Every structure is written in C-alpha cells, then in structure tokens.
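This report goes through one protein structure for a reader who has not seen it before.

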Amino acid sequence: MKQSASRSVFYEGIDLLRGGAVFLVLWSHAGIVLPHSLHGALAAPWFRPGFWGVTTFFAISGFLVVGQLIDIATDKRGELLRAFVLRRWFRTVPTYWIVLLLLLVVGSIGWLGWKTWLANIFFLQGSIFVHEPNLLSVSWSLVIEEWSYLVFAFAVFILIFLKRRLALGNAQVMALVGGLLIASIVCASFARYIFIENGGSVRSLKQDLFLQSDALAYGGLLALFMRTRPRDFEVLALRPIAFSRIFALMAVISVASISGNSLFRSVSEPVPIRLSEWLSFGFYPMAGLLACALIVGFWGFEYSSLPKSLSQMIRILSKISYSVYLLHVPIAHMVAGFELPGLLKFVMYLIGSILVGYMSWILLEKPFMRLRRRLV
C-alpha cells in the first residue's frame, strides 16, 4: 500500500531519542557556564554526551530520510523526488539562514567577509578543501546532513532512471541501495585512514564532510533492513521496550567511548597514527551501528508508559530540537557573561536554550513547515 507523502509516520521511540540527543548536546556544551571544578560532571572517559548526541541525530536522519527515499524508489511513497528534496530544504535551510542573520544583527557572530559567509550559506565551510570557519560552531553537522540528503537523493534519481530503463524490480533496487550505502562506509573508512596517516587533526576527523560521508549511512542500512526483513526487524524491536537490553547497550556504548578517547583531546592536535586502523575501520562504524541499535532498542517505547507531564516535556523538546541545536551555543556564551553562581548559570543556560528554541520553532520553523505541506 502506498504511503501518502502528506502523512508522516510517527515513531515514539525515535521522538524520545531525538529529545534525548539534543539534551546530551546541551549538556556537553555547558562547560562555558560552569566553574572548572564542575567540568568533570559534563563528560567522563566512558561518557561522551556530545559525540553520542550528534551520532544519534545522524542515525535518526539516515533512518528516516533514506527510508523515505527507498519508498519513493520502490513506488511505496506517493511523492516526487523533486518534492522530497524541496521539503527537506524547507525543513532545515531557511531557519538556519534566518538564525545566521539574526545572530549577525545582535552581534553574536561577526562579519568575516563575503567568502566566509557564502561558504556558510551554501554549507561549504569547515572542509579540508574549503578552509572557512563555521559561523555557528554546530553547523559542521548541518554540512554533513544537507550534503548527505542531496547525494542520497541524486543516487535515488539514478536508481529510478535505471529502474525504468532496465525494468528493475524493487528487490534489485533495494540491493543497489544497500550496495551504495556499504560503499560509502568503506570509502569514508579509507579516507579517514589516509587522513590520520598524514597527520590530520582531531577536529577535521570529527567534523569534515568527506571524512564523515558515511555518518547517515548506518541509519540508512537500518531503514533498508526494516523494509527487506520486516519480520526480523520486529523480532529485534521487542514490544514493550526491554530495559535490560537498553542497559546492556549503554554499557557497550560506554566501553566504545573509552576506546575512542583520542577523539576528545585538544581538537587542534593530530590524531595518533597508532590508532588509525581502529578509529577508521572500527570505532566509527561501531559508533554508527550502536546508534542504530539505540533506535531498535527504543522502538517499543510508548509515551503512554510515562507520566503525562514528562511525556509532554519530551515531545516539546523533540519538536524544537533543531532550533535548540542551532541556538544553544550563543545562549551559553550570553549566559556565561552574567555575574552569577555557576550552577545558576547552568540552569539559566538550559532553560534559556529551550525557551529561545521554542520561540524559534513558533516564529521560524512552523511557517516553513506549513509551506512544506503545499509541496505535496
């Protein structure tokens, strides 16, 4: 049965993870508002909230976006590819542009010249090929997401063309999708290996588009698995949620964090060459797969299992997560300038980021969301 392009499937477990991921990112960037003596509460060798928050975001995006593209390619989603790309663009890009402009007006970011601004407007900044700084410190992840959307959409465009030209079946199309996703993982892994062997920095390894070109591929593989092996997926995604399995998964994630501690040193330092094989072919693929395991682990979650007030807070945080993600670092810098006790500044930072994110959702995101619906 075809899925209407105007009706999005709502996954409560993914909604919970999205809210949790943005909270982890908020937590990880709170160092500027806390005294140095409390920085240990923000991270530990076995707990890296910012990394896992962003990695979870990537897995969720890959799962949802690649899944929708697969449905378009296999005629299970009644939406033109062009409309899909425009809908994704309206969901993220205009809000990002307006936030950049507003932060320039209020002085949170400065004018660094047309070259830097054009690079940031078109998501070209921070690359090993385009050495322009990020105007927003978190926008490196948007670069990865936006270009991944375009590349995946273009790949599906080619697959649809081949499907019609060569009379390919849906099974063949999905096999090709799987091959492309695996190829992106292999290519990114080798690119990371070469980069580390040549003395590349920690910052570039973590944030560069080409070195993280597989960031969404793991979620895409999970979406493909869900469509090709639905019964096996349902066996893995137990209902109701199995908390014992979640705790075991958290333990594995903690061990994985310890094994990648070199990524959390000074970002300007080179990555240790002795770890090139592990970080390239082990750590990053494992992190992507563990983030997918979180999606499967929380698949059986239902908001009805939580108190109503708590479920409403999580729903709101998930809904406004994009705006909170864009704006929380400028909020942290603003709050850091207040002459207040550190813990009070931390609370103000959290509440302020959520309130400003909610205002941005209402004033910026929602109008473009309504415009998206007209593209169906």
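Glu-79 and Arg-77 are joined by a salt bridge between their side chains, at 2.8 Å from N to O. A salt bridge here is a side-chain nitrogen of Lys or Arg within 4 Å of a carboxyl oxygen of Asp or Glu. The model is a predicted one: local features need pLDDT of at least 70 and side-chain atom pairs count only at pLDDT 80 or more, while totals for chains, interfaces and linings use all residues. Residues are numbered from 1 along each chain as its sequence is written, and side-chain values use heavy atoms, with hydrogens and water left out.

Glu-79 is buried, with a relative accessible area of 10%, and Arg-77 is buried as well, at 5%. Buried means under 20% relative accessible area, exposed means over 50%, and partly exposed lies in between (1.4 Å probe, protein chains only).

A search of the whole structure gives nine salt bridges. The table lists three of them.

| Salt bridge | N to O distance |
|---|---|
| Glu-79 and Arg-77 | 2.8 Å |
| Asp-232 and Arg-229 | 2.6 Å |
| Arg-18 and Asp-15 | 3.6 Å |

In the pair of Asp-232 and Arg-229, Asp-232 is partly exposed at 30% relative accessibility, and Arg-229 is partly exposed at 47%. Elsewhere, salt bridges with shared partners link Arg-77, Glu-79 and Arg-87 into one network.

Arg-18 and Asp-15 both belong to helix 1 (residues 12–28) and are three residues apart, about one turn of the helix. Helices are DSSP runs of H or I with at least four residues, numbered from the N terminus. Arg-18 is partly exposed, with a relative accessible area of 21%, whereas Asp-15 counts as buried at 7%.

The surface carries a patch of positive charge, in which Arg-315, Lys-319, Lys-366, Arg-370, Arg-373 and Arg-374 gather. Patches are made of residues with over 30% relative accessible area and no salt bridge; like charges are joined within 9 Å, and nonpolar side chains (Val, Leu, Ile, Met, Phe, Trp, Tyr) within 5 Å. Lys and Arg count as positive, and His and the chain ends are not counted. The place of a charge is taken as NZ of Lys or CZ of Arg.

Helix 12 (308–319) and helix 14 (342–373) each give at least two residues to the positive patch. Helix 14 has the largest share, with three residues. Lys-319 is placed in helix 12 and is partly exposed, with a relative accessible area of 46%.

Helix 4 (114–121) and helix 5 (139–166) are the elements that give two or more residues to the nonpolar patch. Leu-150 sits in helix 5 and is partly exposed at 41% relative accessibility. Accessible areas come from the Shrake-Rupley method with a 1.4 Å probe.

Helix 2 (residues 49–73) has 25 residues and reaches 36 Å from its first C-alpha to its last, close to the expected 36 Å. The expected span of a helix is 1.5 Å times one less than its number of residues. Asp-75 follows helix 2 and has a positive phi, near 65°.
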